[in-house]
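Visitor: Could you take me through this model, please? I would like to begin with its strands.

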Amino acid sequence: MGGTDVTDGWDWRAPGGTPGSAGPPPGPPQTGPTTPYGGPSPYGGHGGSASPWWSDALADPWRDPYAPAAVVLPSVRTTGAAPEPVTDPDAPGRPKLRQLLLVPLIVALLAGTLGGALGYAFAVRGGVGGGITLGSAPAEGPALAQRRPDSLAGVAGRVLPSVVTIRVAGLGGTSEGSGFIVSADGYVVTNDHVVADGTGRASVTFDDGSSSPATVVGQDPESDIAVIKVNRKGLRPIEFGDSESLAVGDPVLAIGSPLSLANTVTAGIISALDRTMQAGEPGGPVRYYAAIQTDAAVNHGNSGGPLVDSAGRVIGVNSTIRSLVAEGQEAGNIGLAFAIPINQAKRITQDIIGTGKARRTVIGAQVAGTATRAGAGVRLAAVEPAGPAAAAGLKTGDVVLRLNGRPMNEPTDLIALVRKFAPGSVVTVEYRRGTARQNASVTLAADAK
């Protein structure tokens, strides 16, 4: 065709301008169309390219054969073992289980502390809310809390229904004291000085808070015992004990309404027995009795209430106290209280209920106004000719040293101890006449009044 050769695009020149033979560049043999990554080409042909618009640069028929070109062939995928991964020591690692648990624990502690602080602040400033339950669940009480019948609580529980508060209206105001029920039909024992200034009518308040009017049945100023009557049936009377069987140190309870505090119970022991007392208000009768001394707390308003033993039996009637204040000033408990022995009070109560008045026990002699030297006895200033002392051989001037073994130190000792006994009782009197000591048995009698 003249001097011109027409090619189909496979004209190739080697570097330096020398044309090579036509055909594709040398390379590995192709078994079929492939992609640049070694897979079969979906478009067929010789190129091995995955694009129908672009083939290998060396196989491009429109390429300037003199233009420089760089051919990048895809890497051949290997089928060998994968390389061992390399761990970066500075990269953050996967958290462990301990670290996962520690974070919520710290958060919970912080939240609890904050909640407690806020709750305390709210409770202090605004008060505790009504929905909060205080204390632990109730449990069975210890054995001591079962309150056995012989415990102090058991004794108090049995005696309280028999104790009353007494109020008496008088010209000088209202007198208040205590008392105790001695019969189911309404007889009540109290002190004479509780009702002494009244008009004969009183009001009685029971331990359950109910009240009833009462009338004064009778009273004995010298023994400081009075009896009143309540118009009510079915009451619980107190149990009587024996004041002659007491011993110093025995436990006792004093029950009453001190300082208008009804149903008050105080505990103590018997501090002394046969403590002779001389008491009374100015212008009033002088009261003599051989008292039971106790350290149980007794105050104004306890007067007339019962002193009971550890079995709940009444052994005395609380009557007076000793105090360090001056005469006429308000006195309070200092552990020195005195009760009339119940044997004496019971006898006088029976006399008052039966006859309206009480008998007074006498020995038939008068004592001198002054005592002999301490512990030397009391001198008889006069002896009634037909009285019990004269019948036993005692004479004026004799010095009584002991009565039933009880030493005589003051003139009031003989009077108080004689009145402790019932009329008809026989007592032993040790006396001195001159330098000789003698004993006599004296049968006490009732006063003729």
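Guide: A closed barrel of 6 strands runs β3-β4-β5-β8-β7-β6, with antiparallel pairing. The twist averages 40° from one strand to the next. Strands (E, at least two residues) and helices (H or I, at least four) are DSSP runs numbered from the N terminus, and two strands pair if DSSP finds at least two bridges between them. This is a predicted model, in which local features need pLDDT of at least 70 and side-chain atom pairs count only at pLDDT 80 or more, while totals for chains, interfaces and linings use all residues. Residues are numbered from 1 along each chain as its sequence is written, and side-chain values use heavy atoms, with hydrogens and water left out.

Visitor: How many bridges join β6 to β7?

Guide: Strand β6 (residues 198-205) and strand β7 (residues 211-220) are antiparallel and joined by 5 bridges. T205 has S211 in β7 as its bridge partner, and A202 stands opposite A214 in β7. The two strands form a hairpin with 5 residues between them, and G209 in the turn has a positive phi of about 95°.

Visitor: And what does β5 pair with?

Guide: β5 pairs in the antiparallel sense with β4 over 2 bridges and with β8 over 4 bridges. V188 is the bridge partner of I181 and stands opposite I228 in β8. β4 and β5 also form a hairpin, where G186 in the turn has a positive phi of about 110°.

Visitor: Which way do the β5 side chains point?

Guide: Y187 and V189 point one way, V188 and T190 the other, and all are buried, that is, under 20% relative accessible area with a 1.4 Å probe, protein chains only. In a regular strand, side chains alternate between the two faces of the sheet.

Visitor: Changing topic: where does helix α4 lie?

Guide: Helix α4 (residues 342-355) lies across β4, β5, β7 and β8, running at about 55° to β8. The angle is taken between N-to-C directions, from 0 to 180 degrees, with axes fitted to C-alpha atoms, for helices over the stretch in contact.

Visitor: Which residues touch the most other members of the largest nonpolar core?

Guide: They are V159, F180, V308 and V317, in a core of 27 residues. Such a core is a set of buried Ala, Val, Leu, Ile, Met, Phe, Trp, Tyr and Cys residues joined through side-chain atoms within 4.5 Å. α4 gives the most to this core, with 4 residues.

Visitor: What is V159 in contact with?

Guide: Leaving aside neighbours within four places in sequence, V159 is in contact (heavy atoms within 4.5 Å) with I238, I255, V308 and G312.

Conventions: Buried means under 20% relative accessible area, exposed over 50%, partly exposed in between (1.4 Å probe, protein chains only).
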